[in-house]
Amino acid sequence: MKIAIDAMGGDYAPEEVVKGAVLALEERSLEIILLGNVEKIEEELKRYKFKKNNLSIINCKESIDTGEFPLNALRTKKDSSILVGMNLLKNNRANAFISAGNSGAVMASALLELGRISKIRRPAIAAVLPSIKGKVIILDVGANVDCKPEHLLQFALIGSKYAKYILNIKDPKIGLLNIGEEENKGNKFTQNAYKILKNANINFMGNIEGKDIFKGIIDVVVCDGFTGNIILKSSEGLAKMLIKY
């Protein structure tokens, strides 16, 4: 498998990205393409011993910072590591592309270069988090801050396929994130979403409260991107606090 990696994306790039790439080569039979400033990448690689035949670098003159507006950046930075990586994936020169950089730019470039699955109107960003019994997928966690109820059905379909084929969960259980378990709980948005999910051909288990996300009773949790991003960042902050104290 050939994986293209944005070496300039993330809070600690390129140091941690290069380190992770080298570790991956040690643990897996992979080919890795690092994308970004070739001088900075080569300087980091000097610290490690690795299979040089399995790692290559494509020099990208530009990178997209976290605070940049995605579409503007993609229009003006044609040689950015994100856009170059997505083009590699589009043209079958890589089997996967990974970036810890500007998530909006990654999503926008994927839409522009790869397109959408048929009948899926809104792609979503999914987070795979640990639970008591294994893993739980939450989506959307930031791609769509404003959603329609029918979009949550599409998130459920996407999430269930990921759970089935990537996490090997035979019949993924799907829950709607809400402020209570009862069907009539929440606002008009969640109430209408509940009706749509209930009548769909999926293993819908009903509403799930925030306190139940990590219990392992649900495999896929669906919500709008605004709510999902708050859940993700709150979980990150709580984990850091528990580790520190």
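Good morning. The model is predicted, so local features are given only where pLDDT is at least 70, side-chain atom pairs count only at pLDDT 80 or more, and totals for chains, interfaces and linings use all residues. Residues are numbered from 1 along each chain as its sequence is written, and side-chain values use heavy atoms, with hydrogens and water left out.

Let me begin with the overall division. The domain assignment gives domain 1, residues 2-114, and domain 2, residues 127-244; such bounds come from an automatic or database domain assignment. The centres of the two domains, taken over C-alpha atoms, are separated by 29 Å.

I turn to strand 1, residues 2-6. Helices and strands here are DSSP runs numbered from the N terminus, with at least four residues of H or I for a helix and at least two of E for a strand. Is strand 1 enclosed or open to the outside? Four of its five residues are buried, so strand 1 is largely enclosed by the rest of the structure. Buried means under 20% relative accessible area, exposed means over 50%, and partly exposed lies in between, with a 1.4 Å probe and protein chains only. Strand 1 pairs with strand 2, residues 31-36, in the parallel sense over five bridges; two strands pair if DSSP finds at least two bridges between them. In this pairing, D6 stands opposite L35 of strand 2.

A13 and P14 are joined by a cis peptide bond, with omega about 0 degrees.

Next, a pair of helices. Two packed helices are described by the angle between their axes and the distance between the axes. The axes of helix 4, residues 81-90, and helix 5, residues 103-114, come within 10 Å and cross at roughly 35 degrees. These axes are lines fitted to C-alpha atoms, for helices over the stretch in contact, and the angles run from 0 to 180 degrees between N-to-C directions. Which residues make the contact? Helix 4 contributes I82, L83, M86, N87, L89 and K90, and helix 5 contributes A105, V106, S109, A110, E113 and L114. Contact means heavy atoms within 4.5 Å. By class, this contact has eight nonpolar, two polar and two charged residues. Ala, Val, Leu, Ile, Met, Phe, Trp, Tyr, Cys and Pro count as nonpolar, Asp, Glu, Lys and Arg as charged, and the others, Gly among them, as polar.

N92 lies in the loop between helix 4 and strand 4, residues 96-98. N92 has a positive phi of about 60 degrees although it is not a glycine, and at 69% relative accessibility N92 counts as exposed. K119 lies in the loop between helix 5 and strand 5, residues 126-131. The phi of K119 is also positive, near 75 degrees, in a residue other than glycine, and K119 is exposed, with a relative accessible area of 77%.

S131 stands opposite G134 in strand 6. In a regular strand the side chains alternate between the two faces of the sheet.

Two loop residues complete the account. D140 lies in the loop between strand 6, residues 134-139, and helix 6, residues 149-165. The peptide bond from L139 to D140 is cis, with omega near 10 degrees. F214 lies in the loop between strand 8 and strand 9, and F214 is partly exposed, with a relative accessible area of 31%. Leaving aside neighbours within four places in sequence, F214 is in contact with L129, P130, S131, I132 and S235.

Thank you for your attention.
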